[in-house]
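Dear colleague,

I am handing over the structure below, together with notes on what was found in it. Please read the notes with the coordinates open beside you.

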Amino acid sequence: MQVIYLTLSPPFFLARFPDKPTNLTFTNIKSRSAEISWLDPENTGDGNLTEFWIQLQKENSLILNITTNKVNKYELGNLTPFTTYEISLAAGNQNSLGEKTITSFITSEEGPPLNVAVTAESSSSLSVTWEPPEKDKRNGMIVNYTVCISHEGNKPCFKEQTTKQKMLIIRNLIASTKYYVRVLASTKVGFGNYSETIGKFTNEPLFPDKPTNLAVANITSRSAEISWLDPENTGDGDLTGFWIKLKKRPS
């Protein structure tokens with residue numbers, strides 16, 4: 001009978017738990033969502049992989065703590081724009097979870113509307129036009145735009161108007177007055193960032209020209225009729241009335 005002796009260097013054991021997942025990668029990072037993917041660890045311990053454990057933290061607060069099935073990607077949602085998140089990922093088998101792999105990422109900013117332009121329509125109105133934010137800085141389909149009007153740059157809005165169009169006429173303003181305008185886009189999940197603020201003066205008030213063809217008819221000892229034509233230039237608005245002044249000359 002032969003006896004074979006094996007000399008093993010301690011410690012010698014089969015790891016029961018999986019190693020860390022590898023190649024943890026972030027793709028399609030947006031202002032409020034991101035996608036993560038990874039590869040299985042080569043060493044799965046003394047069993048097949050059954051799950052992955054995902055934890056997400058923001059400012060040292062745990063906001064996501066889930067266990068998935070045997071998958072290799074996951075979509076993170078309900079995130080905050082321009083924020084740093086720390087994510088940890090561990091693989092598990094029928095025994096337990098293995099060691100975590102930990103990394104971090106930053107969500108993008110939500111883009112503001114582009115090419116905002118403000119022009120004076122009249123002494124009491126301004127016209128505002130713009131283009132949508134860049135496609136990769138939108139968090140879904142834009143549902144409307146909000147136009148903010150203030151008396152000073154970046155100060156609180158004294159008037160806000162919402163529209164689904166890419167232009168707006170701001171009315172009932174004061175003549176020869178400077179107003180500051182900025183625009184933001186909204187999706188179903190929230191508001192984006194404001195555009196740069198643009199200051200613009202309303203026009204000086206424009207008045208109608210003189211009426212024309214003033215004529216007097218049916219003159220009697222105690223009455224007379226006068227008639228005239230509207231001026232071609234009515235200023236920056238429709239005519240609202242006429243002022244008639246009658247003076248008696250000394251004989």
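E2 and E5 pair in the antiparallel sense over 4 bridges, where strands are DSSP runs of at least two residues, helices (H or I) are runs of at least four, both numbered from the N terminus, and two strands pair if DSSP finds at least two bridges between them. In E5, Lys73 is the residue that stands opposite Ser37. The sheet to which they belong is open and has 3 strands in the order E1-E2-E5, with antiparallel pairing. Its edge strands are E1 and E5 (73-76), each of which pairs on one side only. On average, neighbouring strands of this sheet are turned by 20 degrees against each other, direction ignored; the axes are lines fitted to C-alpha atoms, for helices over the stretch in contact, and angles between N-to-C directions run from 0 to 180 degrees.

Please bear in mind that this is a predicted model, in which local features need pLDDT of at least 70 and side-chain atom pairs count only at pLDDT 80 or more, whereas totals for chains, interfaces and linings use all residues. Residues are numbered from 1 along each chain as its sequence is written, and side-chain values use heavy atoms, with hydrogens and water left out.

On the aromatic side, the count comes to 6 pairs, taking rings of Phe, Tyr and Trp (its six-membered ring) as paired if their centres lie within 6.5 Å, and calling planes under 30 degrees apart stacked, over 60 edge-to-face and the rest tilted. Tyr85 and Phe105 form a stacked pair, with 5.6 Å from centre to centre and 20 degrees between the planes. Because Tyr85 lies in strand E6 (residues 84-92) and Phe105 in strand E7 (residues 101-106), the pair ties together parts that are 20 residues apart in sequence. Tyr85 is buried, at a relative accessible area of 1%, and Phe105 also counts as buried, at 5%; buried means under 20%, exposed over 50% and partly exposed in between, with a 1.4 Å probe and protein chains only. Ring pairs link Phe26, Tyr85 and Phe105 into a cluster.

Asn28, in the loop between strand E1 (22-27) and strand E2 (34-39), has a positive phi near 55 degrees although it is not a glycine, and is partly exposed at 45% relative accessible area. Asn115, in strand E8 (residues 114-120), likewise has a positive phi, of about 55 degrees, and is exposed at 60%.
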